[in-house]
Amino acid sequence: MDSHADQAVVGDNALILYEWPGHKVDVTPFLDDLGCIDAAPIVTAAVTYDDHSVGRPVLLVIHQAIYVKGMTHNLLCPMQLRHNGITVNERPKHCTPEPTREDHSLIIPNGNYMIPLSIKGVTSSFPCRRPTGQQAKMFKEDGDYLELTASKPIWDPNSS
């Protein structure tokens with residue numbers, strides 16, 4: 001989770017399912033001295049979350065994400081998730097007076113599904129990996145996947 005990212009960003013551990021034609025952005029970091037990534041493609045990507053509570057992997061689809069080749073992790077924009085109806089409970093359990101199972105988690109209503117978050121330092125995350133093409137195909141054919149971000153309308157982080 002990256003509350004400073006204004007759009008999801010995926011790296012090499014995500015499987016690119018689709019590149020949005022004509023949609024590219026220039027990526028600038030928090031310091032000008034770090035340089036810029038010109039014309040990074042906007043993609044639909046998938047990651048696999050190994051859910052040990054149900055004993056099977058779950059395919060998570062991230063629409064309208066910026067792809068940064070060479071990046072080894074992914075960044076999720078909480079506002080973009082909320083725009084898709086995902087409940088983002090970012091407050092860590094140790095900061096919650098009476099924590100419940102839903103605290104520090106992502107709740108995906110259309111799949112009636114919850115992903116617990118872990119914390120390292122001040123960063124909340126969950127483990128995921130790149131799915132194989134065969135896994136993605138099986139999930140896609142079975143319709144067994146959850147969408148973290150919306151495919152439409154076009155995400156505009158500057159919209160009121």
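Helices (H or I, at least four residues) and strands (E, at least two) are taken here as DSSP runs, numbered from the N terminus. The model is a predicted one, so local features need pLDDT of at least 70 and side-chain atom pairs count only at pLDDT 80 or more, while totals for chains, interfaces and linings use all residues. Residues are numbered from 1 along each chain as its sequence is written, and side-chain values use heavy atoms, with hydrogens and water left out.

On these terms, Phe30 falls in the loop between strand 2 (15-27) and strand 3 (37-51). With 76% relative accessibility, Phe30 counts as exposed; the cut-offs are under 20% relative accessible area for buried, over 50% for exposed, and partly exposed in between (1.4 Å probe, protein chains only). Together with Leu31 and Leu34, Phe30 makes a nonpolar surface patch of about 380 Å². Such patches take residues with over 30% relative accessible area and no salt bridge, joining like charges within 9 Å and nonpolar side chains (Val, Leu, Ile, Met, Phe, Trp, Tyr) within 5 Å. The areas themselves come from the Shrake-Rupley method with a 1.4 Å probe, and for residues only the protein chains shown count as cover.

Strand 4 (residues 56-67) is another story: ten of its twelve residues are buried, so the strand is largely enclosed by the rest of the structure. Two strands are said to pair if DSSP finds at least two bridges between them. Strand 4 meets strand 3 in the antiparallel sense over nine bridges, with Val43 opposite Ala65. These two strands form a hairpin with four residues between them, and in the turn Gly55 has a positive phi of about 75 degrees. Strand 1 (residues 9-10) runs parallel to strand 4 and is joined to it by two bridges; here Val9 has Ile66 as its bridge partner. Strand 10 (residues 145-147) also pairs with strand 4 in the parallel sense, over three bridges, and Leu60 stands opposite Leu146.

Further along, three strands make an open antiparallel sheet in the order 5-6-7. Strand 5 (87-89) and strand 7 (113-116) sit at the edges with a single partner strand each, so one side of each is left without a neighbour in the sheet. On average, neighbouring strands of this sheet are turned by 15 degrees against each other, direction ignored; the axes are lines fitted to C-alpha atoms, for helices over the stretch in contact, and angles run from 0 to 180 degrees between N-to-C directions. Strand 6 (residues 105-108) and strand 7 share four bridges, and Ser105 stands opposite Pro116. Leu106, found in strand 6, is buried at a relative accessible area of 0%.

As for salt bridges (a side-chain nitrogen of Lys or Arg within 4 Å of a carboxyl oxygen of Asp or Glu), the count comes to three. Arg129 pairs with Asp50, the closest N and O atoms being 2.8 Å apart. Arg129 lies in the loop between strand 9 and helix 2 (133-142) and Asp50 in strand 3, so the pair ties together parts that are 79 residues apart in sequence. Glu19 and Lys24 meet at 3.2 Å, N to O, with Glu19 partly exposed at 41% relative accessible area and Lys24 partly exposed at 48%. In the pair of Arg82 and Glu90, the closest N and O atoms are 3.2 Å apart.
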